[in-house]
Amino acid sequence: MEEETQGLVEQKIKLNNAKGYKKIVSPILNTIMLMIVFCLIAFMLSMMIQQQKLTQHNQTSMLQKQQIRKPSIDTNTYEYMTLENGLSVLLIQNNDAIISQVALSVKAGSFQEPSDYGGLAHLLEHMLFVGSHTYPDPNYFNSLIYNNGGTNNAYTENYETNYYFTIQNSALQQGLDVFSHFFIDPILDQKMVEKEVNAVNNEYEIITSSDDWKIEALLKIISQKSHPFSWFSIGNLNTLLKDEISELLKQFFNEVYSSNLMSLVVESSLSISELKSYIKNFEKIKNNNLIEPTCEDLGYPIQYGPQVISYKSNSDVKKVYMTHQLSDVQQQYKTKSIEFIVNLISQSKGVKEYLIQNNLIIDMSSSVLFNDHNGCFSVLALEFQVYDLNDYDKIIQTVFSYYFYLIQTLFDDKGDTLVDNAKIRSLYNDYKKIATLKFDYNENIIDDIQEIAHNLNFYGFHDVLSRKFLYEDYDPELIYFYLTDLLDIDNLNVFLGDSQLNHPDVQYDKVNRINYAFVDIPGSVIQKIQSYDEIEQPKFQLPSIHKYQPNDLNMKSFCKPYQSDKEDPYEDLQNEKMLIQRNSEMVFSNVEECLQYEHQYEELYPLPEYLLKSSIGKLWWKLDRSYKTPAIFMGMKIDKINFQFTLRQQVLLKVFQSYTSTMISQHLDAAFQNNYNFQFSSSPNHIIFNIYGWNDKFFEFIEDSLTFFTKQQIDQQVYDQTLKTLMNNLNEELQTPLYQQIRNRFFFNTLIQGYYEPQQLLQELKSINIKDYEQFHSQLFKGTNFQLYLTGNVLREEALSLFKSIEKKLFGKQKHLDYNPIYSKILKLSNNYIIPYAAESDDINGATYNYYIFGNRNRKQFAIMNILKGTFDSYAFNYLRTDLQLGYLVSAKFQPLECLDGAAILVQGSAKSPYQVNQHIEDFLQHFYEEIEKMTDFDIEELKKAAIQQLRQKEKTLFEKGQTYWDHISNNDYIFEEKEITIDQIDLLKKEDLLTFLNSAFKKSSKISIQLYGKHMLKGQPVEDFLKSQSPINSFSNIEEKLSDKEKIKVGAMLYQCSFKLGQI
C-alpha cells in the first residue's frame, strides 16, 4: 500500500512539473506538437482503413478458395467479392444466358417498422421502383426493363426485402446503373407516395380477400401483441395515407438500409471482368455499419395453446388446420431435420392413408411456414379437407399417434436414453441420395435469382446454391427434439374453416378482414388427444422409396447394342410405315469411331423425328443429351374420335382424370419421392399427360402407371373420395381471386362452346354414380388415336419398344379411323360487346378483362407481337396502374385463344368500376399507338433486337425443351422452327408495319369486355341496376359497344372450328 501511494505521489509531481513546463513553451512549439499529433492520427486512420481493406480482401480470398458447392453438371463461372462499403456480391457467368438476371437482398423488413405505420417497409419496397434523384421519371426503370425483354418484381418479409429483375445482356449495364440508384438516392416524395399507397391498398384488398391469407391472419391474432409478428405488415390507406409518411419513409430508409446488410447477385453471359466494371456504382450505397437485425430476444410470438378457433372461409370446402410452433430452423438448414419429418408426414402410406381409409379426411397436405426469412421461429402446418369439422379431435389424435409412432419406430430405448436405429439412418440416407441427385443434375440452378441473393445474404457463399437441397449433417437428436415438440399439446393451435360460422361470440378483425370465434375445448377432448401413447396404435408404415431410385446415371450411346427381353423392336424396320430408317447419314467403320463422333448426330438432327405411324398412333422421338441429364421426357395425347361436347361426358372425363391420378399417387408414391413428375390434363375431346423422370427406372414407372389407366377395378372408397375431391376443387374455383375467375371461368364460358361453369359441373357430378363411370371407362379407349413423344436420354429402339407396348396395353387391335380433330369451337362476334357478371365473393374490387380477337395467325403478325409484347405490357402498367391508379393488378398480353390470335388487357381494383375501366383501356390503346408513333427508327431497332434476343434464349432444362416441342406436336401445328422463322421475319419489319398492325388489330378487330363486380362494389344491387348509375368517363375513344349477356350473343352466331391450338407468344 505504501509503495502504491508513493507511485501515485511521483506521478502527481511529474504532472505538476509538466504543467509548469507548458507555461513557458513557445507558441511555435505548440503548433509543431499539434501537427505531429494530427499526423499520427492520420497515419493511424490510414493504417486502420488499409487493415480493413486487407481483412475484406482476405475474407473474400478465403471465401473464393472455399469452393462454392454447385451441381456436377453446372458449367457456370462464379466469383464472390465484397465491395469497399461491405456489400456482398456474387457474379455468375453463364454462357447460355441471353437474358441477364439481377437481385439485391437487404436485411431489412416489416419487423423493423413502427407498429403504428403497418406496411411501411412494404411501401418503401414499392417506392424504390418509382424514381431516384438521378433517374426521376417514375416509369423510367419499368420501361427500360420491358423494352429490353425483361421483368421486375420485389417482396418484403420480416427481416428481408428483395428486389430483382431480368433484362437482355446489351442493356444490363444501364439496368444496373438505374437499379443501383434505388439504394443511393431514392426520391420518396409525397406525390408518388400517395399513388403507391393506393397500389399497396389494392394489394391489401386482394390478399385479405383470399382464404390463403386467413391462417396467417389468425396466427397473428393469437400472437403476443408485443411481438412484431402480430403487427399488420401489408399496409393500407388507414396505416399509410398520412401527411408525415414521406418523411417517415426517408427516416426508415436511412435507419434500416445499409450496404453492409446487402447482397447483390448478377447472372449474365458477359465476362466476369465486364460484370465487375458494371457494378462499381453499388459502392456508392451508404454503409451505416448497421448490426444485423434479429428477434432472438423477443421469444416465440404465438401464444401457447391448445387453442381451437373457428373462422369463416370463402369456400364451402370444410378445412381443419393443425399448426405447431417450432424453434428456428434456419440455422439448422444443413440437417434438413424438419424437411425429413415433413417428408414422412406427407408420404402416402402414413397418417394420410389411415385418415382417408377411415373417412376422416378427403385430402391432406403439409408445409413449413415462416421458416426462411426471419431466423426466429417456424410453423409446421397440416391442412386437411374434411367431411365433418366435428371430427377434428379424432384427426388430431391420429396425427399425434403418428408422431409417437415415428419416435417409437425410429429410436431404440436404451434405458435412460433413446438412440437412433438403422431405420432412421436408412431413411435419412435415402432422402439424402434423392436430394443429392436432384441437386447434381439441376440444369437451371439459377432459376430464381432472388433466392440466390437471399441465400448469399443469410447463408453465405459456399451454400448459396445448395442450401435448400442437400441433406448434409445427420442430426438424430434434432429430429427427436422436433418430434417431441410436435407432441407438446401446448404447442398446438387448431383452425376450423367453413363458409358458415355459427357461434354466439363471433369476432371480426377489421384490419385482417376475418370473422372468427374461439371454441371451448372440453377436457375430455384434450385427454383423448393426449392418450396417443395409451391406445392401440394404428397400423402405420414407413415409406419404402428404393424401387424407383436410379442406379445407372450414364448417358446412353447408340453405338452400343440395344438389349431387350421384349419383342424385337426392329421387326418393322423395312416396313413402309417406318418413315426414318435406322441407318442415318452418319456411317462408322467401328464402335470406337462411332463413340467419338456420335454427338454430332444431335447437331445433324436437332428437331423431333417422326419415327412411326401405325393405324391409330404416331411416334415422335429425339435423342437429347445436351443437358447431361440422365432423364426422359414423355408426352402422350389420346384423341377421342366423335367425342361429344356434352356436360355429362366432360364430368365423367374429369372423374376419370381425378380417380386415375389418385390411384397413381397412392400406389406410386415412391416414384414421386424420387422426383418423377406426372402431369395429367383433359379437355372435352382429348387426354394429355406428361411424364418426366430418371431414365434408369422410367419404363418401369410407365408400365406401372398404365395399369391404372386400363384395368380399373373400381375401389368404392377411392371413387367416393374422388367425387368429394372434385366437388371441393370446383367449390374452390368459385372463390378464387377475381382476376383468375374472370379469365378461367367467365371469359372461356362466354366464348368457347362446350365450356361449362363450375356450378353446372357440380350439379351434374351429383347425378353420376359408379356404374355410370364404369360404363364410361369401358369405352374410353375405343375409337381413339394417340400421339407419343419421347426425348432425352432415350434411344430410338427404346422409343419404338415403348410405343408398341402402350399401343398393345391401352388400345389393343383397333382399326384405323379417319380423324379430323376439332379442339374447340369459338364464338364469332358480330359486334363489340360488354358482358357484366356479379361475383359470388364478398369483394370490394372489380375486374375488367378486355379481349380483342385478331383472327388467324400469320408470320408477320406473330413477329410484330413478339416485338411489342414487353412494351405493350409496360405501357399498360405505367398508364393504367402508375398514372391512373386503377388497380394493383394490371397486365396486357398478346394471348391466343385456341387457334386465334388476340390481345388481353386485365385490370383489377376498386378505384373505378369495370364499366369505367373498360373506357380507360380504350384510351390506353390510343395512347399506346401514339407512343409507338413517336418512336425513332433507332427505338424500333432496339425493340426488334430485344425480341430476337428473347427468341434466341435456349430452353433452360430438358423438361422445358421437351415441353416446347411436345406443345407443337400435341397442338397439331408442328412448327418446330417457329423461333427461327420469326427471327427472320422480325429482321424485315419497319415502324410502319407495327403501326399498321396496331391500327388494324385494335380498331378493326372484334372485342369483348368481360366485367366482374364484387358484392361490395355492387352494394346489394343487381349488376344491371348498378350499370344504369354508371356515367361514362371523358374518353377520346369512340368505339361502339353493346351491353349484352352471354346467352344473347350466342343466338345465331357463327363459330370458328379449331383443329389446332396456337402456342403462346
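1. Helices α29 and α33 are roughly antiparallel (angles over 145 degrees). Their axes, lines fitted to C-alpha atoms over the stretch in contact, meet at an angle of about 170° and lie 10 Å apart. α29 covers residues 914-934 and α33 covers residues 991-1003; helices are DSSP runs (H or I, at least four residues), numbered from the N terminus.

2. On the α29 side, L925, Q926, F928, Y929, I932, E933 and K934 are in contact (heavy atoms within 4.5 Å). On the α33 side they meet K991, L995, L998, N999, F1002 and K1003. By class, the contact of α29 with α33 has seven nonpolar, two polar and four charged residues. Here Asp, Glu, Lys and Arg count as charged; Ala, Val, Leu, Ile, Met, Phe, Trp, Tyr, Cys and Pro as nonpolar; the others, Gly among them, as polar.

3. The model is predicted: local features need pLDDT of at least 70, side-chain atom pairs count only at pLDDT 80 or more, and totals for chains, interfaces and linings use all residues. Residues are numbered from 1 along each chain as its sequence is written, and side-chain values use heavy atoms, with hydrogens and water left out.

4. N169 sits in the loop between β5 (161-168) and α5 (172-184). A polar atom of its side chain lies 2.9 Å from the backbone oxygen of A97. The N169 side chain also reaches the backbone oxygen of I98, at 3.1 Å.

5. Across the protein chain, buried residues make up 57% of the 1065 residues.

Methods:
Axes fitted to C-alpha atoms, helices over the stretch in contact; angles between N-to-C directions. Helix = DSSP H or I, 4+ residues; strand = E, 2+ residues; numbered from the N terminus. Parallel < 35°, antiparallel > 145°, perpendicular 65-115°, else oblique. Polar contact = N/O pair within 3.5 Å; in protein donor to acceptor, adjacent residues only side chain to side chain. Buried < 20%, exposed > 50% of the residue type's maximum accessible area, 1.4 Å probe, protein only.
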